[in-house]
Amino acid sequence: MLTFAFRKILTLLGTMIGIAALTFVITNIAPGDPARLVAGPNATEDMVATIRSEYGLDKSLPEQFIVYMGDLVRGDLGTSIVTTRPVLEEVMRYAPATLELVFVAMFLGIVIGVPLGMLSAVYKDGPLDQVTRIFSISGVALPAFWFGIILQLMFAVDLEWLPVSGRLPLVTRPPEFVTGLLLVDSLIAGKFSTFWVSLQHIILPAIVLSFPCLASILRVNRAEMIEVLQSDYIVAARAHGISSFRIVALYALKNAMLPTLAMIGLRFGWMLGSTVLVETVFDWPGIGLYAVSSALSSDFKPVVGVTLMIGFFFIVANTLVDLAYAWIDPRLRKA
Amino acid sequence: MTAAPMNTQIDTPAEASRPLTFRERHASQIRQWRLYAHMFRKSFSSMLGLTLVVLFLLLAAFGPLIVPYPEAASGAINMSAKLQPPSSTYWFGTDEMGADIFSRVIIGARTSLWIGVVITGLAAIVGITLGIIAGYRGGWVRAVIMRITELFLAVPGLALALAIVAALGPGITNCVLALAIVWWPGYVRLVEAKTLSIKEELFIESARSIGAKTPWILWHHILPNCMSPIIVKMSMDMGMAILSAASLGFIGLGAQPPSPEWGSMISVARTYMPDWWWYSLFPGAAIFLTVLGFNLLGDGLRDILDPRSRDR
Amino acid sequence: MTALLDIKNYRLDIGTFDGPVHVLKGINLTVNRGDTVGIVGESGSGKTVLVRSVLGIGPRNAKVVEGSISFDGQDITNLPEKDWTKIRGIRISMIFQDPMTYLNPLFTVGRQISDVIAAHEKAAGTGVSSKAARRTRTEDLLDQVGLPNPSMLFSQYPHQLSGGMRQRILIAMALAGKPDILIADEPTTALDVTVQAQVLDLINSLVEKLNLTVIMISHDIGAIATVAKRCAVMYKGEIVEQGMTQDILNRPQHEYTQRLLAAVPDIDIAPEKVAAEATAAKPSKPGHLLEAIDLKKVYRSQSGADFTAVNSLSLSVKTGEIFGVVGESGSGKSTLARMLMRLIEPTSGDIIFDGQNISGLSGEPLRKMRRHMQFVFQNPHSALNGRHTIGDAIGEPLRIQTNMSRRDIEARAEALLDIVQLPKMFKYRYPHELSGGQKQRVCIARAIALNPRLLILDEPTSALDISVQAQVLDFLQELRSELNLTYVFISHNLAVIRQICDRTIVMKRGEIVEQGDTEQIFMAPREDYTKALIESGRKTSQAANLQV
Amino acid sequence: MLGKIIRNIAIAGLLASSVLATPAGAFERTDKGNVIVFGGRQAIPVLDPHIRYDWSTRMMQQAVYDGLVKYEGDPAEIKPWLAEKWETSEDGKTWTFHLVKNAKFHNGDPVNAEAVRYSFERGLKLNKGVAWMLKDFLAPEGISVVDDYTVKFELKGPYTPFLSFLPWWYIVNPAQVKAHEVDGDYGQKWLTDNEAGSGPFKLGRWEPNVLYEAEAVTDYWKGWPQGEANRPAGVIFKIIREPAAQKAALQRGEVDIVEGLTPDDYVQIARAKGIAIEDHKGMTTFGIKFNTQQGPTADINLRKAIAYAMDYDALIQVYNGAASLETSPIPDAMRGHIDVPGIPRKDLAKAKEYLAKSGYPNGGITLPYVHVAGLEEARRIGLVLLDSLKPLNINVEIKPEQWPNMVANGSKVETSPSMTSVYTTPVSTDPDAVAYQYHKNSWGQYFAMMFYDNPKVTEMIDKARSSSNWDERAKLYADIQTQIVADQPEVFGMLQNRRWARRDYLQGFQFSPVRFTGEVDLYPLWVKSE
């Protein structure tokens, strides 16, 4: 078990370094000059040079790369040239908002996707199945940015049921920082009104983010359920007189959950990527928004940092999925 | 369950001395295709997908010929008619420069088709090649290819593509290039896994035992057996690629004006929400229907091509 | 007294794309309380569909065209699903074929059995008993089917158990409801020979002890004969013959039954060898066509431990003979066969084919060499690429190894189909449209396309039905004399080996235990291992059981 | 902890219904008074007044810091602020400023001459942000403290526009900055998120990328123009990136003032009840800069042809009428502006005439038009240009570029595209601020992408900036304007109006054209409660 954990951590580190190298290379394919941007419109060439040297941008690319990787090993993600702050610090500040959003969206996706998938497998080819099929594929096909705007218009602008954007209203001070997840922190602090308003704020972006995820969870769960329901041991269970409900809700579901879990892991990463769009639409102060605004100002250290962070969360999520696999499937529980 | 007897047709004609007709010679394939068609037709959603895709392809092919204002797609402006609501003159209304949105949306199908084909095509060519090599060769070649693939897969494609386009600069070509760069690993993974399992099949060993060279085996045995999932994935990816390009367009890194690309149209149009709702509604609906079409088609194809999900 | 189970003129169709397939055609079968009935049939005979229909778990798209099934006086032909719950698993229960796939891998054995008990209690309306009570009952059942240490087994998962144990657990599950009828669907097919005997013994003892009514289906007449007093023979959806098992074995009436019984190879009968040597005057090079010297194959596992699959093995195959290789699974015989073909690289040692050392060949010379040596694989179902037509499959070696024109290749493929006694039409067909025996013929046609001198046959008949096996074996012998071939014939089935091989080696754990003339080995085995092998072969031999 | 969370969830559920009913508030009312909310699209990454300036940053800098002088009013005038008076030497090289005595930093320290000296030294030594304005004329050594409240600047040469830059040099508290200095960074790290100023506001909540709050200083040394009773308790600058969301927030009263709506939005929202539009003539010029040194546009006839083909009316239409055409390179609101006669207006016949004289008599070329990615109006003007040049058979390729890349490409003749759209906001009201863009020394700067080179003009600019006689300068600038228009280094576009949409209860809005687009002087704002 210890060696297992050790191996996992090693792989994780290796992958992280790989991602860092990959993104570093990618973001430096074309020469951009962020120093020019932050120096201001009227800055003279020597002023730009000052900034360039301050951020090591005057060095050759290989040199920059070596410096960057060296810093990375020491846990330093570099400094954002636009905000002049360490990237790690900024990523840590924005990450809880993103995670909160992703968690809520994932929760929605699982809670709705799994039962719907189950039902459409049981009533395969029935009207419900046809409806969920179109519904779920629509979920994947909906452009998140467009869908977000439409929801904003409907629920925030027209009906005024929910806020347009952001995490909290202006007057509401965020609760004391514990986890950074407002929903959790507000409960710990016992501020129910804060909990309630932050819930109102998170609903729309979470729905938009969860939609494709919900859809694919539904699809996978349905497909697996269908396959499992045709499998020999389910036939045997039927032949032994076990009730249909029990077969579907207990036996088959547990078996079908394995690939569904894999999909959840996959979708977790995908969601982190999609926050780029959803956070832009909903002004959600998370790492996606941070990445977009940095990318648009050619400030690449944060882009690399965010990519790395997303990769990190993704790998962690998948490790958790692996563990859950082992927990569910006794065949994987060796030694 | 035991396979249902399929031999209803093969017990047929005794040795015929006359040359066989085309129908007879290809009875097997004809039956197969008829079976596919039959299963496909049974599913409402598959047919809906097919209809949408065919419509999309028709619009991409003939769009410029049938729209009322073809010049709207090449940057003609008419400031006096800007932001008109949908009417009989302008079916989908007009945009902020007075261009007919209907014409732009329809002609945009061609842009989207191009985007989808190039991204999917490039990704598939690179991914299938690498995947098949990795799966068949094994050893360090596989290790290297798969490590790199996993690296790409560990970062969500959109985030990576965003970084690439931001570095290369906005524009449709860069956008397509960036998406192709992040898209191929999916094919590697698919094809590698498939190749690994096919490699263990007896018919591969059988081919080796008659002295087939590796390229022959890859081309005649492995590739055809990988095709079903590849076709399904490509169909779905056509949609997803269009969607991703539109997403980049939305962030402001996609197609440049006046080229009518749906995502970029929404990117501009979102600033005209909610009062000029038609501006973003129609391009958005176009993306949605196109992606939906390709996905439904892919899903329908999976049902008929992938025997796992098929119940005879 | 009414029969417990009465199937009357039962006709069942399965709807397919090509129209309905008549799977069962007018079945009449009566089972009385206390009967043990066997149903024998080869694959596709409809026996599984029949018993599943009895349990209401028949295939989808199935349609009862005519007739009825009644159980204990109640018509269950089209019983609604909710009424089945009172019968299925409780009054009629079933033992399935493959114990691995019929147990849910994610739940403990105990959980699965006690769930069945709970379901039965619920259906009986007696109220579900406590967890502990169910546990006790489960452990009793496990004990009853002869499993040691039930309390430990209770919390184990299926993958932790051996095949025989799993099969016993399935039996325990089937017994959980104290059923009126127990249906056993090929209960031994997926098991090793030694285990087969034990499981059959268990069923027999349970029948005696619990006074069970049993319907057992199998393709293996031997297995049926050990359990069933009465027996029915099914062929293409019909019961062609039924009666007392003894009568049928001794005096088969129907032509199919006769054919089936005749096809069972007998380990104790020396065959009349078609003396190939006598007829064909040996060409230029008599003596050894293939020699292996000190051949060795070592696999290295991930943990770093070495596993020697084949150890310093030497052999020589004479031109024109049938050289047998016999051994249990894991004895290294398949590895040996593949090494001889250079499909697997030997770790060390030499292979000499027709005087040429081929162990060092690679690239083009190796490819050229391959035309002289061909391989026939065990499983014809996967040895053919499902995407190629039969014509393409047979023509493939020609396209690879020769410069023949497309036209010539077509013609040659037709000729080859002729040789393997298949219609020319078949070249347009796809493998999935062919039966197992037909596919194996296609594989042979493919193997002889290049006029090779040596064929290595790796268990060529073990995936086929018995009647087909006999045909293929006969055909192989004919073919050899026609084409002057030399065979290396690999099998685990001693009866088959004895029937066709001239000389034989016996392998165990990668080494030769004994070698010599086949008859000599069978009549006077020198080594203990060989003796044991022949003895257990004799015990499980299908033919042997028929003598009961 | 989990138990606590679960219990709290349950209670929250009970409270839910009552909270939901709360109506959306107008301006935020706190126990201290009204807090005005500004909804803007651009974040404030670095507050340090000597490092950065852009509209959002400078708006907040102006709120928390004071300068020696301040721009106010339309037309913008320089008003005494920390400096109550100043004098210039005869040769225009020495400037002496006398400070007010009652100014105090937020921590209570007095604003004295040393603070002023330190602040200018800091700005010059850091060589970032505002440094370019003065560094060619002022060395750190040139600043001296005469006495506690008098400070003297010795310039390297006479520089008339000196004073016009001073409003943008804010005074920081040396004591606080030095206390937070790390590795001789002049407190850069600390001042990124903190302030050490003496302005009317001090920092409240500071949530980067979300909102920035400025709390009013109760006893601001200069007092409050709207009166102590009316002054707000503070201002929140809230980041709202989407115009649609901005508009919605304004309509719902979640914010009190927004900037950066689309031209059409302003028209639309003006009709809404309770909303007023601030619409003022600005100083930001728009030009399509030609590369006059290389490529097809080095040909003056082609440049003229393009200038005459341009649909100028459409430029105004892009802004829904909220813009006026440039009549000279120098904006109307600037001293010395003249309406240059014969500045090109759409005249297709003339355009074709010039085209015929050019190297491309039949057109048939494709010219790139580069604009900053994301600048909506620039993109639309590109479309106007594309449409306008069609009759000349000239094709336009519209290319959005990231700002840094665009500037990098535009810094060299070889890489500078044929046409680049550039908005320029002069940082001072002195005509030199615009004229110098056409000086050869400006080559390499983004506003000099036309690489204009006319020795006669260069000479006149040099002469004008060192002269302190206004009449002489005015004449020179008139000639400069005329000559530049004749050389057509760019298509002279329009001056867009500066617009904000605000709730009508928001009072005290003061426009000054010298501020950046979007920038508002927060100091005089107040809420009129009914």
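In this predicted model, 48 residues of chain A are in contact with 39 residues of chain B, where contact means that two C-beta atoms, placed from the backbone, lie within 7 Å. On the side of chain A that touches chain B, at least two residues each come from α1 (2-27), α6 (127-141), α7 (144-158), α9 (192-230), α11 (244-282), α12 (287-296) and α13 (300-328) of chain A. Helices here are DSSP runs of H or I with at least four residues, strands are runs of E with at least two, and both are numbered from the N terminus. With eight residues, α11(A) gives the most to this side. Sorted by class, the side of chain A that touches chain B holds 30 nonpolar, 16 polar and two charged residues; Ala, Val, Leu, Ile, Met, Phe, Trp, Tyr, Cys and Pro count as nonpolar, Asp, Glu, Lys and Arg as charged, and the others, Gly among them, as polar.

Residues are numbered from 1 along each chain as its sequence is written, while chains are lettered from A and ligands numbered from 1 in the order in which they are written. Because the model is predicted, local features need pLDDT of at least 70 and side-chain atom pairs count only at pLDDT 80 or more, whereas totals for chains, interfaces and linings use all residues.

Five pairs of chains touch, and the pair A and B has the most contacts among them. Between chains A and C, the contact takes 17 residues from chain A and 25 residues from chain C. Here α10 (232-239) and α11 of chain A each supply at least two residues of the chain A side, and α10(A) provides the largest share, six residues. That side of chain A comprises eight nonpolar, four polar and five charged residues. Chains C and D, by contrast, are joined by no contact, and their closest C-alpha atoms lie 30 Å apart.

Turning to chain D, the model shows 17 helices and 20 strands. Its radius of gyration, 25 Å, is close to the 24 Å that the globule rule gives for 530 residues, so chain D is as compact as a globular protein of that length; the radius is taken over C-alpha atoms, and the rule is 2.2 Å times the number of residues to the power 0.38. Along the principal axes, the C-alpha atoms of chain D fill a box of roughly 80 × 65 × 45 Å. Buried residues make up 55% of the 530 residues, a residue being buried if 20 or more other C-beta atoms lie within 10 Å of its own, exposed if 12 or fewer, and partly exposed in between, with C-beta atoms placed from the backbone. Of the contacts in chain D with a separation of 6 or more, 71% are between residues 24 or more positions apart.

Chain D is divided into domain 1 (66-175), domain 2 (199-274 + 504-527) and domain 3 (282-496), with bounds from an automatic or database domain assignment. The centres of domains 1 and 2 of chain D, taken over C-alpha atoms, are separated by 28 Å. Their contact takes eleven residues from domain 1 and nine residues from domain 2.

Within chain D, Asp313(D) is found in helix α11 (residues 312-318). Asp313(D) is partly exposed because 13 other C-beta atoms lie within 10 Å.
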